[in-house]
Amino acid sequence: MNSPHRLTDGQLAFLQSTDSPTIANAIEQFRVRPRHEGYLAGPIRAAFPDLGVMVGRALTVTMRSPVDRPADGNGFWKLWEALESAEGPVVVVIADESGSPDRVAYAGEIMVRMARRLGAVGMITDGGLRDLDEVRALGFHFFMPYPVVSHANFEIASVGVPVVVGGQPIQTGDLLHGDCNGVVVIPWQILPQLSDAVDTIRSRESSDIEYIESEEFTLEGYKAARNYGA
């Protein structure tokens, strides 16, 4: 599952050193999408915010938990084969198809160890995950709305198809950036210029902070500096 896009070591290091809100602000400068698109919304949160930034290519999966038959295990091999062939680092994005996402944990320590061995650095889901202490100790990222204690009767329904998680359409190969603030999708076409855009954002925010905290601060002065109402 090779991608036409390349993530260099330098780009990866830059992305890992930058928080997600700054990345989101920098992407706005390119006007490649509406401002209300390109990020996960709703209750999905970083389970281990202390792990810092997660960066990786999406590998999309749908999972479900049938209640009227035994689960089908064939999908697991499709997942592992797709993960093994993907260019890393990879983030497994799991979309719930069960209709009861709070009644099933789609991954825990064993699945995480396998995914990590094959190049994954994290998982994102609108369903549940488990084994939080063990997974955090591995340095593996979980983004989810809640933990669920049981794996119930889950199975993998599809691998590599487009999904919608947290209100955001995600395709296999999308570049994802997440931290304690949430997850943003980085358009590949702007990646070469993103570092300069981040520098612009940081410079602007530094100037704002310096003025707001200065003895010279006035509301009218800040309004003039930011061209409010212009």
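The lining of the second largest pocket divides into ten nonpolar, four polar and one charged residue, where Ala, Val, Leu, Ile, Met, Phe, Trp, Tyr, Cys and Pro count as nonpolar, Asp, Glu, Lys and Arg as charged, and the others, Gly among them, as polar. This is a predicted model, in which local features need pLDDT of at least 70 and side-chain atom pairs count only at pLDDT 80 or more, while totals for chains, interfaces and linings use all residues. Residues are numbered from 1 along each chain as its sequence is written, and side-chain values use heavy atoms, with hydrogens and water left out.

The second largest pocket holds about 180 Å³ of space; a pocket is an open set of points on a 1 Å grid over the protein atoms alone, with protein on both sides within 12 Å along at least five of seven lines, and its lining residues have an atom within 4 Å of a point. Of its 15 lining residues, Tyr39, Leu40, Asn181, Gly182 and Val183 lie nearest its centre.

The largest pocket has a volume of about 220 Å³, and of its 16 lining residues Phe76, Gly108, Ile110, Met111 and Phe154 are the closest to its centre. Its lining comprises ten nonpolar, three polar and three charged residues.

Terms used:
1 Å grid on protein atoms, 1.4 Å probe; cavity = no way out; pocket = protein on both sides within 12 Å on 5 of 7 lines; lining within 4 Å. Points joined across faces, edges and corners; volume = space filled by probe spheres on them.
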